[in-house]
Amino acid sequence: HHVSSRAPPRHASPAPHLGSLLASGLVGRRARVPSGMSGLMFQPGQHLSMRRRVSAGEDRRADVVADLGSMLVVRAHGARGGEDRRSSGDAGADFGALLAVPAHGSPMALRAALDGVPLGASSARGRAMAVLLAGSGVWGDEASQEELVPVPPTFAPPAALLRLSCREPAALPYLGRRGFAPSAMGRGPQVSIIRDKISNSRSGSCSSEVFDEIVSAASAAFESESPQRCSDAVSLFCMALMKAALGAIRSPSVASAVAMLLALLRSPREECRRAALDAAARELDGVQLLRAVLRGMGGADPCRHWQAVSNSLVALHLILSCCGKAPTERLRNAGGVPLVLEVWRLGGHNADVAQECCAVTLLLSHSASKQAAAAGAAECALASWQRFGHDASRGTLMQGVAETTLLCLPHLNERPPSLPRLTVESLRVLQAVGPAPAVIWLLKALARLAVEPKLAPELNAHGVADLMLGILSDERWGQEVVLRRLAAEAFARPLAIVSGSSASKSAPAVAFAGKGADLPQALPSAEEALEAEASAKEPGVAPTIAAAACASALHRRLVAWRSRLSVGAGAAAAAFGEDSGAPPPLRFDADFESGSLGPVTRIGPREYEISLVSDTAGGGDYVQWFCFRARDMQQDELYTFHLGNLIKPGSLFEEGCQPVMFSRKRRDALGTGWTREGSDVAYYPYHDLGRRHCISFDIRFPHDDDEVFLSHAPPYTYTDHLSLLARWCPDERRRSLPPTRGGRELTAVKLGDPAAPQQAWLVARAHPGETHASWVMHGALEFLCGGGEEAERCLQGLRWVLVPMLNPDGVASGRTRTNLDGIDLNRHHHDDCAPETRGLRVLMQEEVKTGEPLAFVDIHSHSRRRGVFAIANGADGDPLVASMAARSPLLDAAGTSRAEVKAKDEGVGRVAASRLGFQYSVTLEASLCARHAAAGNHHLSLEDLLEVGRAVVLGIADLVRKPGIAEDDEVVVVADAPSATPRMKAS
């Protein structure tokens, strides 16, 4: 055998019909030819040549013309010499015949196929044709269709009955098996006759001849492209399988029938494919199919047998993955998992069989992982992993075995000892070739193992840290944020465990002022920030950092962190002591309203480690918001900050987002307000044995000795809230709720027509660290109160109740998620744990008694997801979400999360509102950082957030129906989109 790079002969090109039949993606993949073919790799354009001299004057060869993954389509040629050549009148002629051989078979299979090519039949045009009949080839020539010579059945192909020919398909009559005598149009045997024959058979009595008839019927159905005939053919197979005799199961006929079943399930025509899948989902007994496999489907020939097994599993995989939950649940409940695992144990030496067994096991085990583990799924996965883990062409199999092992891991008595080694070795193999899903699953396995302290030395000994750095430096993998996150976890946790990393207690602290009691308003006001953005010379919308730059930044931060761990914080601090000539340290504080800052440690000349504070004393459940002031900086020098102690495993800072900065001197000189700043931004595991995360970034300050604020997002303080109410809402529009524990006023604003039958509610800032929620509410309230035709029409026929800041205590004190009692308000709308939600619920109960509750929108911000999107109670909120999204492209309607309401969700605002009778009740999440991809992936500007607020109001108003309109009529749009509406000024 050898791979020839020469151009194929003209007659060796595949027929057009071959391309049309295999258009579903079977052709063009790089072939895998295991040991039987000496490990050769084939691609379209390369041709396997094999010459065999059968007898004097005869020469036969085969060229590979298509790769179908588990089988190769070859064109066999037979050239006649000597007297035979002269007598035929075709001196030197090649008789091209398309055949198929299993890619995992031995060279004997190809040789047997060549021996089956007859040399006696030729046409006047010197060309013969071949028909491959689903595992039992037949050969005939154009002049004599009745004398069909069988080709030895050496395989069972995974594709359909393929008419592989040198001619256009329309020019060729159908060649059936002797006895059926189908018409020239390829109608095949009558389905009703076959069905009656099966129905009248006893259990265990269906012979191979019945399956031959099913093959012919399926072939005709495939070529007719009739959905009904495809469905009927599948039904015939399902019926016959239930009554198949043992001899029939072990015959080539069943192998051919299974191949035909798979061909119909993969039909190039969507309607036929759907009809076949529906019929199979409805009628195929998966248990019976698996039992047939275990009883020796296809017979003693190993090539045919394992190809039939692979085809059966692929067909089962397609049915379970494409036909909803019913077939999966039915097979699982009937004991399908142990049967699949038994097939896996018997056929695990075959990579295709192992891969399909793994895929079917995963489909059956996602809600029954304990059952799968008890049946031995992990052992099967590890055996295949051990066997094929070094094969770079088996990435999909590696993905499946890793996923299966992780699924079973919680239910095993002990972790498999070989798991770390197998994961690292496979990842090294796939690092260069992928595919990405396989790399991600192997990284998931490594990240899972990295949390075990006992495994840290072993993982470090395997060189996991350097392997992760290599993955991050590869531009293919650096584009995937999930992959970067997993690589960072697998890198950092073992190192943190071995080094015993904790906060750098031995390094000297810098000047740091805690919070004072008066909480002065030192931050720029909301109106000042809006005016600065509106007057900025540069656009207010800043692009996020590119993925390649994020990967490079993460790589750099991890290398630097490992270096600091090896040196130690105390030694690093000694390098810039008082006698080292280091620059003076920065001064930090958060002694102002909404400020949040923990202890600060200097770990380099211009490098600082900052520990963020938790909402609850002694706890660490809520750590996210930061807002602090720095002084005594030097202009244009590079300063590095590491903000640690965060608990969330992911953040938008790892996706190219940046923190915001406000410079007092820059504002005075240029009028510039909050801007997105920071380079080499990265988010990765840091302290507490890798369980706490860190945001690292570099900053260059624009002025010497400036007053600079750094924050997670543009702040919106309680003072800003009071200013907004004073500006737009006179006392008669306000309704005071019971005061908070901190004595701050909690206000509801009532707008619109008091006599209107329907009411809409907007609530914001239950979580104080989610400042973008207040900016959205600012836009909504300003729009409703600012006058103008659009606003007036929104106020007519609808009562509005707005609660702009539900948690003023948390906002003023700089908390992330809770009130002063450490209570998350958005988990207690249904009880009396918090005075804020208790007062809100009482008011809502009063109001819903006086009118129809139409819409409730609870406005929040999100730290881990881009865009502005909704979370709804199932599909109940879809009309409202669509109406709001129609008003602004910044709302990502496609990104709506339709959460299933569970018992633990009863205290969530949207759920509690739906219990009070609101027709539409949603949570609106405005990202703390960036727009969604369809809106440009830029950072969200303040004007963006105001526009979202206006869109929320208009979207709700669009749902209000004019009097006299029936429920079945269309929704009336009451105002035009406000995309160009300028901000209103208070009168």
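A disulfide is a pair of cysteine sulfur atoms within 2.5 Å. Keep that cut-off handy for the first exercise.

Before you start: this is a predicted model, where local features need pLDDT of at least 70, side-chain atom pairs count only at pLDDT 80 or more, and totals for chains, interfaces and linings use all residues. Residues are numbered from 1 along each chain as its sequence is written, and side-chain values use heavy atoms, with hydrogens and water left out.

**Exercise 1. Find how many disulfides the structure holds, and work out which parts of the chain are tied together.**

Step 1. Count. There is one disulfide in the structure.

Step 2. Name the partners. Cys657 is joined to Cys929, with 2.4 Å from S to S.

Step 3. Get the handedness. The torsion about the S-S bond of Cys657 and Cys929 is about -135 degrees, so this disulfide is left-handed.

Step 4. Helices (H or I, at least four residues) and strands (E, at least two) are DSSP runs, numbered from the N terminus. Cys657 is in the loop between strand 14 and strand 15 (660-663), while Cys929 is in the loop between strand 27 and helix 34, so the pair ties together parts that are 272 residues apart in sequence.

Step 5. Check the burial. Buried means under 20% relative accessible area, exposed over 50%, and partly exposed in between (1.4 Å probe, protein chains only). Both Cys657 and Cys929 are buried.

**Exercise 2. Explain what keeps Cys272 and Cys358 apart from their nearest cysteine sulfurs.**

Step 1. Take Cys272. Cys272 is in no disulfide: the nearest cysteine sulfur belongs to Cys230 and is 3.9 Å away. With 0% relative accessibility, Cys272 counts as buried.

Step 2. Take Cys358. Its closest cysteine sulfur is in Cys357, 8.7 Å off, which is too far for a bond. Cys358 counts as buried too, at 1% relative accessibility.

**Exercise 3. Describe the aromatic pair of Phe588 and Tyr608, then the pair of Phe628 and Phe641.**

Step 1. Learn the rule. Rings of Phe, Tyr and Trp (its six-membered ring) pair if their centres lie within 6.5 Å; planes under 30 degrees apart count as stacked, over 60 as edge-to-face and the rest as tilted.

Step 2. Get the total. Searching the whole structure turns up 17 aromatic pairs.

Step 3. Phe588 and Tyr608 are edge-to-face, with 5.3 Å centre to centre and 65 degrees between the planes. Phe588 belongs to strand 10 (residues 587-589) and Tyr608 to strand 12 (residues 607-611), so the pair ties together parts that are 20 residues apart in sequence. Phe588 counts as buried at 3% relative accessibility, and Tyr608 counts as buried at 0%.

Step 4. Now the other. Phe628 and Phe641 make a tilted pair: 6.4 Å centre to centre, 55 degrees between the planes. This pair links distant parts of the chain, since Phe628 is in strand 13 (residues 627-631) and Phe641 in strand 14 (residues 638-646), 13 residues apart. Phe628 and Phe641 are buried.

Step 5. Zoom out. One aromatic cluster includes Phe588, Tyr608, Phe628 and Phe641, along with Phe626, Tyr639, Phe653, Phe697 and Phe701.
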